[in-house]
Amino acid sequence: SYDRGATVAGVVGVGRLITGMDRGLQGMCVNERRHLIVPPHLGYGSIGVAGLIPPDATLYFDVVMLDIWNKDDKLQITTLAKPEHCNRTVENSDFVRYHYNGTLLDGTPFDSSYSKDSTYDTYVGTGWLIKGMDQGLLGMCAGEKRSIIIPPFLAYGEKGYGTVIPPQASLVFSVLLVDFHNPKDGVSLEHLEVPASCRRRAVSGDFVRYHYNGTLMDGTLFDSSYSRNQTYNTYIGRGYIIPGMDQGLQGVCIGERRRVVVPPHLAYGENGVGNKIPGSAVLIFDVHIIDFHNPSDPVDIETVHRPQGCNVTARDRDFIRYHYNCSLLDGTRLFSSHDYEKPQEVTLGANKVIEGLNSGLLGMCVGERRVLIVPPHLGHGENGARGVPGSAVLRFEVELISLEEGVPEGYLFIWHGDPPENLFEQMDLNKDGQIPADEFSTFIKTQVAEGKGRLMPSSDPEKVIADMFGNQDRNQDGRITAEELKLKSDEDREKVHEEL
């Protein structure tokens, strides 16, 4: 047979072979070698074969068994390895991506996807594969390894294939299923961890900040926000991300951990992207939602404690002292007034704190405690601030410690009633026709002490009085004359008159 360059194929035990060969092949294993000595009566007898085998010749055969099969054989499937978790297995009409090594039954290799550095990608059960592979891939999990032995009538039959697969050859495939999907598949969600409290779920139009690990179905990591130490920030439902993630992030809670399995037609399709995501790849995203907001969101205010008998609440222009803890919604601590000796001080409405915190402090009583959730457009915006990530939602725990009633914007001092007549004369304590800084300060402090007026609240009333004096000392000579002294209300009327 070596001279002919072709193996001998035949059916054993049905009279198609000489009796000695029929008997001599019985019980042989693949790759077994036997030396057969066939006497003439079990060979070609007294007749022989003309020109080749003389009469009454004893025959010597050196036999190597390469392949065995029976018409009643079925596929032989052996599971070599199987993942612990398997949510779905291969069915007819699924699209599969797998690696394989293909050998003949004696171990002779004929093909390998590994040598091409690419998976074999095809549909199952639609006639694109030999029947044995169509059947052998059914029921597999992604990541499963199988050995599939296919008899020739479920492979390439009597004709074989090219020069690498001889006729009537059984085939052995060692298969690793990389991934699979069905063109009808949608996004698959697995809720890994959902917070007990979920006040709102994300919807289209929300801006979401999340961390993720992106892997192929075989576990190969192709991208991770953690490696960049920065969240991925985007709007959902607006087409800014692949359709599968647009769908997969709908309905998430802040703090939720979710697995999103995206079929290729909702990801990067047949072409893939770059050198990390192959064509027709199923993608798995393990996401952790840090926070989300909508550009129309107001400050969310939760009152934790409100004292009884609360009649006076904070308003714009009031001067307050308060304690606060500020964190991200994932619990990351940012700032705290408790790190300093004194509470935080601010005049509300004076643009000294972010807008969301300012509005969250309005309407508070002394002793009241609140939790404020401040969206970024009322916080530090897209760019963030030192220590605050861009587009971050902030959580403030605030407690109002003290409150001093403020004055209208633009005023440093207001009268509780009508101002005194002959204001200059009353302010000129030594009656010398001019008011130096010490006289001015003494007069203002007296009015405050007698409850006739109040200063703009501040931690430094002396500075407020000094600013008032500086405003009235128009020529900056250290004295106020009768011509220089004017009430702010009079000044405002003069400005209106000039405009008119």
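Biologist: What does C86 count as at 30% relative accessibility?

Modeller: The model is a predicted one, in which local features need pLDDT of at least 70 and side-chain atom pairs count only at pLDDT 80 or more, while totals for chains, interfaces and linings use all residues. Residues are numbered from 1 along each chain as its sequence is written, and side-chain values use heavy atoms, with hydrogens and water left out. Buried means under 20% relative accessible area and exposed over 50%, with partly exposed in between (1.4 Å probe, protein chains only). Since C86 has 30% relative accessibility, its class is partly exposed.

Biologist: How many disulfides does a search of the whole structure find?

Modeller: A disulfide is taken here as a pair of cysteine sulfur atoms within 2.5 Å. With the bonded cysteines counted along the chain, the pattern is 1-2, 3-4, 5-6, and the number of disulfides found in the whole structure is three.

Biologist: Which parts of the chain does the disulfide of C86 and C141 link?

Modeller: The sulfur atoms of C86 and C141 lie 2.0 Å apart, and the torsion about their S-S bond is about -100°, so this disulfide is left-handed. The cysteines are 55 residues apart and sit in distant parts of the chain, namely the loop between β3 (76-81) and β4 (95-104) for C86, and for C141 the loop between α2 (131-136) and β7 (145-150). Helices (H or I, at least four residues) and strands (E, at least two) are DSSP runs numbered from the N terminus, and on that numbering the linked parts are the β3-β4 loop and the α2-β7 loop.

Biologist: Does C253 count as buried or exposed?

Modeller: C253 is joined to C198 by a disulfide with an S to S distance of 2.0 Å, and this link is left-handed, with -100° about the S-S bond. C198 lies in the loop between β9 (188-193) and β10 (207-216), and C253 lies 55 residues away in the loop between α3 (243-248) and β13 (257-262). C198 has 28% relative accessibility and therefore counts as partly exposed, whereas C253, at 0%, is buried.

Biologist: What is the S to S distance where a disulfide joins C310 to C365?

Modeller: The torsion about the S-S bond of C310 and C365 is about -85°, so the disulfide is left-handed. C310 is partly exposed at 22% relative accessibility, while C365 is buried at 2%. The sulfur to sulfur distance in the model is 1.3 Å.

Biologist: How far apart do the C-alpha centres of domain 4 and domain 5 lie?

Modeller: The chain is divided into domain 1 (2-65), domain 2 (76-181), domain 3 (189-293), domain 4 (300-404) and domain 5 (413-499), with bounds that come from an automatic or database domain assignment. For domain 4 and domain 5, the distance between the C-alpha centres is 34 Å.

Biologist: Which element gives the most to the lining of the largest pocket?

Modeller: On a 1 Å grid over the protein atoms alone, a pocket is an open set of points where a 1.4 Å probe fits, with protein on both sides within 12 Å along at least five of seven lines, and lining residues have an atom within 4 Å of a point. Grid points are joined across faces, edges and corners, and a volume is the space filled by probe spheres set on the points; the largest pocket holds about 1600 Å³. The elements that give two or more residues to its lining are α1 (19-25) and β2 (59-64). With four residues, the element that gives the most is β2.

Biologist: Which residues lie nearest the centre of the largest pocket?

Modeller: The lining of the largest pocket draws at least three residues from each of domain 1 and domain 2. Of its 40 lining residues, those nearest the centre are V8, A9, G10, M65 and D67.

Biologist: At what angle are the ring planes of F222 and F285?

Modeller: Rings of Phe, Tyr and Trp (its six-membered ring) pair if their centres lie within 6.5 Å, with planes under 30 degrees apart counted as stacked, over 60 as edge-to-face and the rest as tilted. The search of the whole structure finds 21 aromatic pairs, and the rings of F222 and F285 form an edge-to-face pair, with centres 5.7 Å apart. F222 lies in strand β11 (residues 221-224) and F285 in strand β14 (residues 283-293), so the pair ties together parts 63 residues apart in sequence. The angle of the planes is 90°.
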